[in-house]
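Please keep the sequence and the structure in view while reading.

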Amino acid sequence: MTGLRIHWGSSLDSGQKKSTEKYRSDLLDLDGAVEYAREADALGVESLLMAQSYGLPDPLPVLSVLARETEKVRFILAYRPGLLSPTLFAQLVNTVSWVSEGRVALNLVAGISPVEQAYYGDFLAHDDRYARADEFLDVLHRFWRGETPLTYEGDHYRLKDARLGLGFWGGGRPEIYISGASGVAQRTALAHGDCWFRYGDTPEAVAEAARPFRDRGVGVGLRMQVLSRPTREEALDDLAEVMRGTDENHRAFVSDFVASADSAAVKNSFRLAEEAGHGWMSPVLWSGAVAYRGGPALCLVGSHAEIAAELMAYKAAGVTQFIFSGWPARDEMRHFYTGVLPLLRDLERAEERDAAGRLAAAAR
């Protein structure tokens, strides 16, 4: 058996925002981001997700800085096919792999809003964006397999004798995560990805969606929030505190953004939250921040022991990885990696011992 892989959301500041506060898009606190990444490194965080949005600084140059300021933590670079040519993108990723000594993975997202895509001059419809992503990923895989010079004729990309001098650090390629909940997104993940990432749901609902990926040996990851404390009472008290003083103007902004989105993942998360009355979907799964933070804000809330046990339920449902965030992100990272993760690893070791015992008994 293998342990659940746990990643964390990056922060482009010191990571102290509450759940209902609007992101500041007019500044980059690089010193704060470096401090945050260094603490993630010290805590043993496997990877930090470097998100991309019009409202955030571009993740590529920031990742390069953070890679030089850390030693072990990896970085999952979120980017959108169509904004750059696949040749230029491969060149950038290969370069970053050398800056980071291979500590970079990719989270390719086809886009969630036609309005936002139009900011970048991209006017393709939802399914057409995934068709383009298929070609984009096909080209990337060919580069990383060493097919050079590369001539490619597709509906969205044409290359003539393309070649790159600098390959990926150590050979091979980065790990590739594909996000999205639609059928076309899932087909893209099965064809080109190492792991399919989606927003959260209950373990029972995730198990059904995960089955085709388990059958094909492709990982399944969830992007969620978490709020964990030594006791459930403390967790509920802190949940009330981080939701205090809600920014209703920001809630209206998020609502308008979702209305214009064509992402099945985003729409589904808001549907789940509305069906739950923006409250509890299970004893530990809370949807109240989705209205302020969008799809990733479905949140596991409870004691360290409750959260560890729930993660084991997700593992049994076929989940192999998580990308978590919290409010504030840096404080929650400490709570999780010092409180939940040791309990989770204990449960996984106990599960392995039980499985080994059953195999030994069956062999006798």
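The buried residues of α8 pack against β9, β10 (285-286) and β11 (299-303). Here helices (H or I, at least four residues) and strands (E, at least two) are DSSP runs, numbered from the N terminus, and contact means heavy atoms within 4.5 Å. The model is predicted: local features need pLDDT of at least 70, side-chain atom pairs count only at pLDDT 80 or more, and totals for chains, interfaces and linings use all residues. Residues are numbered from 1 along each chain as its sequence is written, and side-chain values use heavy atoms, with hydrogens and water left out.

Helix α8 spans residues 232-242, and its buried residues are Ala235, Leu239 and Val242. Viewed down the axis of α8, these buried residues fall within an arc of 70 degrees, so they line one face of the helix; the arc is that of the directions from the helix axis to the C-beta atoms. An α-helix has 3.6 residues a turn, so residues three or four places apart point the same way. The face of α8 turned away from the buried side carries the exposed residues Glu233 and Asp237. Buried means under 20% relative accessible area, exposed over 50%, and partly exposed in between (1.4 Å probe, protein chains only).

Strand β12 (residues 321-325) is mostly covered, with five of its five residues buried. On one side lie Gln321, Ile323 and Ser325, on the other Phe322 and Phe324, and all are buried.

Two strands pair if DSSP finds at least two bridges between them. Strand β1 (residues 5-9) pairs with β12 in the parallel sense over four bridges, and Arg5 has Gln321 in β12 as its bridge partner. Strand β9 (residues 219-229) also pairs with β12 in the parallel sense, over five bridges. In this pairing, Gly221 stands opposite Gln321.

## The nonpolar core

A nonpolar core is a set of buried Ala, Val, Leu, Ile, Met, Phe, Trp, Tyr and Cys residues joined through side-chain atoms within 4.5 Å. The largest such core has 95 residues, of which Trp8, Leu300, Leu311, Phe322, Phe324 and Phe336 touch the most other members. Helix α13 (residues 329-363) supplies the largest share of this core, seven residues. Apart from this core lies another, of eight residues, among them Leu49, Ile76, Tyr177 and Phe197. In soluble globular proteins, nonpolar side chains tend to be buried together.

Residues up to four places away in sequence aside, Phe322 touches Leu4, Arg5, Ile6, His7, Phe197, Leu222, Met224, Leu311 and Tyr314. Gly326 is buried, with a relative accessible area of 6%. Beyond its neighbours within four places in sequence, Gly326 is in contact with Trp8, Gln225, Val226 and Glu332.

## Aromatic rings

Rings of Phe, Tyr and Trp (its six-membered ring) pair if their centres lie within 6.5 Å; planes under 30 degrees apart count as stacked, over 60 as edge-to-face and the rest as tilted. The whole structure holds 15 aromatic pairs. In one of them, the ring centres of Phe136 and Tyr157 are 6.0 Å apart and the planes stand at 55 degrees, so the pair is tilted. Phe136 lies in helix α5 (residues 126-144) and Tyr157 in the loop between β5 (150-153) and β6 (158-162), so the pair ties together parts that are 21 residues apart in sequence. Both of these residues, Phe136 and Tyr157, are buried.

The rings of Trp144 and Phe168 have centres 6.4 Å apart and planes at 75 degrees, so this pair is edge-to-face. Trp144 belongs to helix α5 and Phe168 to the loop between β6 and β7 (176-179), 24 residues apart. Trp144 and Phe168 are both buried. Elsewhere, Trp8, Tyr314, Phe322, Phe324, Phe336 and Tyr337 form one aromatic cluster.

## The hairpin of β5 and β6

A hairpin of four residues joins β5 to β6, and these strands pair in the antiparallel sense over three bridges. Within this pairing, Tyr152 has Leu159 in β6 as its bridge partner.
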